[in-house]
Amino acid sequence: MNKVENNRAWFLVTPVFLLVAFSAVIPLMTVVNYSVQDIFDQNTAYFVGAEWYREVLNDPRLHDSLLRQFIFSGSVLLIEIPLGIAVALMMPTRGWTASASLILLAIPLLIPWNVIGTIWQVFGRADIGLFGWALNSIGVDYNYASNPMDAWFTVLLMDVWHWTSLVALLCYSGLRAIPEAYYQAARIDRASNWAIFRYIQLPKLKSVLVIGILLRFMDSFMIYTEPFVLTGGGPGNSTTFLSQTLTQMAIGQFDLGPAAAFSLIYFLIVLLVSWLFFTTITHLDKAK
Amino acid sequence: MAEIHLKALAHSYSDAPKGPADYAIREMDHVWKQGGAYALLGPSGCGKSTLLNIISGLLSPSDGDVLFDGKRVNDIPPETRNIAQVFQFPVIYDSMTVFDNLAFPLRNMKVPEAKVQAKVLEIAEILELQDMLKNKAKNLTADEKQKVSMGRGLVRDDVSAILFDEPLTVIDPHLKWKLRRKLKQIHEQFNITMVYVTHDQLEASTFADKIAVMYNGQIVQFGTPRELFESPNHTFVGYFIGSPGMNVVEVQRHNGGVTFNGVDIPLDDGLVDFLNQVPGNNLKIGIRPEFVHVSGESVLGAYEADISHLEDLGTYKILTFRLGGETMKARLDEDQEVPSGKAYVSFPKQWLKLYVDEYLVEDTYDE
Amino acid sequence: MNYSLKKKLGISAYIFFVLLPIYWLLNMSFKSNAEILGELTFWPKDFTLDNYAVIFSDPTWYMGYVNSMAYVSLNVIITLMVALPAAYAFSRYKFAGDKQLFFWLLTNRMAPPAVFLLPFFQLYSSVGLFDTHLAVALAHCLFNVPLAVWILEGFMSGVPREIDETAYIDGYSFPRFFVKIFLPLIRSGIGVTAFFAFMFSWVELLLARTLTSVEAKPISAIMTRTIGASGIDWGVLAAAGVLTIIPGLLVIWFVRNHVAKGFALGRV
């Protein structure tokens, strides 16, 4: 669409600008301010320049949780995106079953994140939880509270349970936008189910998938509440993700300077990866 | 190669149809001969797309059979029916090039790549797509896209019929005739049965040798454009074909003919005899505006009518007049003298049609 | 086995997987603690509503729901009020700094809440908003407003400009055109935006917990109370969890017909 040049449009944007600036710029400035000072108490602080950045970048805790974070976000995307597409393809398209499966699938999305943690905390326990009990009774030695692998696996399974629906609903909506004639033409062209998926459905899903990947990357990279409730980051540090390392640093140990420096580095990583996605989206929009 | 026979075919979208109103297609018997160019003409909602989808196999009819060359194909899915279908909105595979689009059906059938190449090039040449084979299909214009979707039907050797579902809807007017001519040319070249669905009588008559007019789920007439014009078999065909449509007036029986509001119209003896034998009271007469004779002076057998309106359309004029309380139209040549106020109109016998229960009754054969 | 039967089996299996943990929570909420800890039962042996009674009889419990509903509703309203005109501006006009502003807005959706915890606490305390519904609603705007602008911009770009122009020619003023003509056209877009705003605000805990202490404390934060001296009160915890699912269910029920059309965020 051709847009009209009009700087008065700023009047329409001003409320958003002010609101977000209030909630984003002031706190961000505070964080920047902390990150270059050594703070002892309210009245005593020294300017330390880039000292904290140097310290944080060399901190093995950051390296470890960053690595865990990338492995986790990568696994999340690798499982949830294909699974979400598959679920969307299998969803009924009309009648009450369509509405019903839509509503049922959306349930996990609407549960507060700490309740999600609680649900899985209970569900996975060997004594009172169905999942833990079932695994143990078929002979799998499963205990997320003591075995790091089990804990990591449980957090991942929980995230898949929690968020695959989002990808599925996005894709479902994308699929509904394909006119019936495409499927009819494909049948007449003798396309296999795979060819229909590859040449009709997948191309139409491209833009919703970019949105899905973007949202899932951002949110899984910032994950905090669910693993915190489920495992508290343990056993050991096996499920301690970036957010949690950060909150421990800032609130638990009150290392404000390093925590602030850490925050900014963290923010920059998310920003960089998301920017890549964002440019992809605008490219797609333009190509249309 | 195929002759398509619809045998006692009917279709209802409801599971338990109660009356004729529940049927999208009412019981019909119809044959599309091998190699013919046919049009299926009718207003939207008359069931023509339903019928097309039944022929292609996208829909399975609730009653009756579809026969291809005498073989029942009801249970054969569209992919193995050897037909191609072109839809109202061009269906192309966005992510592929034009070449890959055309090659798609062949590759799905595992045709050797060398043959695919040859066949695609041949068809691209005919459709004048050879210069854009390497382009992404999604950047094409609407008429090029429609040619590509047609091409996907033509590349297949086994295709014996192509079905078109209002294929020119989204095409610019100045390109429509070009594409229609292309269709005609392909028809002559390939000896393929073509069925073309449209609601536009001009499109139908320029494309097809024979037109089937559909109304309310039934084929009410199947004939050449000339037959449809000169002797419409059903009052609907009269209305729908021609511009303006046929004048149709409700009448009662009368001594030696029929009458409406004091206007007596004599009929041939054969028709009068026939009228006396049928019980129905739904009688109508129809005459095309082209055949209404208009004169300024009173002549033998003419009726006096009030002129209400004259439209000059350049090459011809439409005269609207009132006769016996009914509004009727006449189409006059541009150079014909037009009386003002009153006119004397007459209805030449060979063009005056009688309809009983909406269907044409003709003198020549007594049913 | 044919293709559509496979599909049905597949989707049923997945929905079973989705519902299983919820069934377990529901099952537990109707049991006494003794039964929960005693043995594993697939159905409550002694069906009891005691756990729910605990919640509905204690204001510190049920006020948590009221608080959550209050700041979530407030957030959805603020988000839509500011995002609608902004999205219109982005979809219709070019103006100085538009692209930069749009990207900057989106970056806030990417800011990890953990980064902002402490500064938020200080900021809202210093302006006297700490422990109010408004504080949480405003804080949630940080990630909801950018998303809302983004979604709505997609829907609005799908509405042809000619509609705006026709309305002006017909003598509509901008506000009247916007409310009477334009908003109804993007109804499903607004529905989906509200759904997303509700969803992300309702499920968020970290900011909500940090910015409240007593007066505006959300239900999800109160749930930690079940961990008492005598261990965890599993039954009440499960009942509280079940109750947090219900508002979400109601919301999805209302937007279910818009989801198929609207969930693609106007970008297909």
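Q: Why does Ile55(B) count as buried?
A: A residue is called buried if 20 or more other C-beta atoms, placed from the backbone, lie within 10 Å of its own, exposed if 12 or fewer do, and partly exposed in between. Ile55(B) has 24 C-beta neighbours inside 10 Å, and therefore it counts as buried. The model is a predicted one, in which local features need pLDDT of at least 70 and side-chain atom pairs count only at pLDDT 80 or more, while totals for chains, interfaces and linings use all residues. Residues are numbered from 1 along each chain as its sequence is written, and chains are lettered from A and ligands numbered from 1 in the order in which they are written.

Q: Where is the place of Ile55(B), and with which residues is Ile55(B) in contact, leaving aside its neighbours within four places in sequence?
A: Ile55(B) belongs to helix H1 of chain B, residues 48–56, where a helix is a DSSP run of H or I with at least four residues, a strand is a run of E with at least two, and both are numbered from the N terminus. Two residues are in contact if their C-beta atoms, placed from the backbone, lie within 7 Å. Once the neighbours within four places in sequence are set aside, the contacts of Ile55(B) are Ile4(B), Val66(B), Leu163(B) and Val195(B).

Q: How many residues of domain 1 of chain B are in contact with domain 2 of chain B?
A: The domain assignment, which is automatic or comes from a database, places domain 1 of chain B at 4–234 and domain 2 at 243–361. Between them, 4 residues of domain 1 of chain B are in contact with 5 residues of domain 2 of chain B. The centres of these two domains, taken over C-alpha atoms, are separated by 39 Å.

Q: Where in H1(C) does a kink lie?
A: The bend at a residue is the angle between axes fitted to the seven residues ending there and the seven starting there. In H1(C) a kink of about 35 degrees lies at Leu19(C), shortly before the proline Pro21(C). Pro21(C) is also one of the buried residues of H1(C), which include Tyr14(C) and Trp24(C).

Q: Which chains share the most contacts?
A: Of the 2 pairs of chains in contact, chains A and C share the most contacts, with 82 residues of chain C in contact with 77 residues of chain A. On the side of chain C that touches chain A, helix H13 (residues 234–262) gives the most, with 15 residues. Chain B and chain C do not touch, and their nearest C-alpha atoms are 13 Å apart.
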